Amino acid sequence: NVRMTDPVAAFGIEQLKKLDAFNAQRIATAAFYSQQLEPFRDWIQTPTVPPGCVHTYYAYPLVVTPCAPFRRAELTRYLEGRKVETRALFGGSLADQPAFRDLGLRVIGDLPASRAIRDRCFFIGCHPRLGEAQRAYVVRCFQEFCSQQATGRGRTRAAVSHA
């Protein structure tokens, strides 16, 4: 039974009243992140929104560029170590998911774009209740990591050889 109960519907109606404010806060947080991470655009790609479209940022997506001197795993490990939660792209390349991989479905080509996104994309939180201090802390973590990468600190020889 997937029908909504009356109490759950009542909660949902009340939450819908807050939706515009929540979305506005998520959009403001995303704009802050995009502006603050701009100096690292050669290494970290931030989202763009086409004209006439709206993105409400359930989460804030980032892509580590191919020319970055680090991999997604290094950056996300650094962030997680500083209590900044991250999530890999949900699903990734569906052709590589265990549920689909062995079904004998037709896959055309090597899927370089979907596999690149699978390997380089991740999300950070964009909750509407993130305050200025929390957002500034997240950006500071990115700045510290990128500064270490720029000076060569924080990289092991193995990480350099696999980059």
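A salt bridge, as the term is used here, is a side-chain nitrogen of Lys or Arg within 4 Å of a carboxyl oxygen of Asp or Glu. With that in hand, let us walk through the structure above, keeping in mind that it is a predicted model.

Arg115 belongs to helix α5 (residues 112-120), while Asp96 sits in the loop between β3 (86-88) and α4 (98-101), so the pair ties together parts that are 19 residues apart in sequence. Arg115 is partly exposed, its relative accessible area being 24%.

Asp96 has another partner to show you. Its side chain also meets that of Arg118 in a salt bridge, at 2.2 Å from N to O. Arg118 is in helix α5 and Asp96 in the loop between β3 and α4, so this pair ties together parts that are 22 residues apart in sequence. Arg118 counts as partly exposed, at 26% relative accessibility. Through shared partners, salt bridges join Asp96, Arg115, Arg118 and Asp119 into one network.

How many salt bridges does a search of the whole structure find? The count is six. One of them links Lys17 and Glu14, whose closest N and O atoms are 2.8 Å apart. Lys17 is exposed, with a relative accessible area of 60%, and Glu14 is partly exposed at 42%. As a general point, side chains of opposite charge can pair when their charged atoms come close.

Now turn to helix α2, which covers residues 19-37. Its 19 residues reach 27 Å from the first C-alpha to the last, close to the 27 Å expected at 1.5 Å a residue. Which residues of α2 are buried? They are Asn23, Arg26, Thr29, Ala30, Tyr33, Ser34 and Leu37. Looking down the helix axis, you will find the buried residues of α2 within an arc of 135°, so they line one face of the helix. These buried residues pack against β2 (60-64), β4 (121-124) and α6 (132-151). On the face of α2 turned away from its buried side are the exposed residues Asp20, Ala21 and Gln35.

Back at the surface, there is a nonpolar patch to look at. Leu94, Phe100, Leu103 and Leu105 form it, and together they have about 420 Å² of accessible area. Leu105, one of its members, lies in the loop between α4 and α5. At 54% relative accessibility, Leu105 counts as exposed, because the cut-off for that class is over 50%.

Most residues other than glycine have a negative phi. Leu111, although it is not a glycine, has a positive phi of about 55°. This leucine, Leu111, is partly exposed, with a relative accessible area of 23%.

Lys83 counts as exposed, at 75% relative accessibility.

Notes:
Residues are numbered from 1 along each chain as its sequence is written. This is a predicted model: local features need pLDDT of at least 70, side-chain atom pairs count only at pLDDT 80 or more; totals for chains, interfaces and linings use all residues. Side-chain values use heavy atoms; hydrogens and water are left out. Helices (H or I, at least four residues) and strands (E, at least two) are DSSP runs, numbered from the N terminus. The expected span of a helix is 1.5 Å times one less than its number of residues. Buried means under 20% relative accessible area, exposed over 50%, partly exposed in between (1.4 Å probe, protein chains only). The arc is that of the directions from the helix axis to the C-beta atoms. Contact means heavy atoms within 4.5 Å. Patches are made of residues with over 30% relative accessible area and no salt bridge: like charges are joined within 9 Å, nonpolar side chains (Val, Leu, Ile, Met, Phe, Trp, Tyr) within 5 Å. Accessible areas come from the Shrake-Rupley method with a 1.4 Å probe; for residues, only the protein chains shown count as cover.
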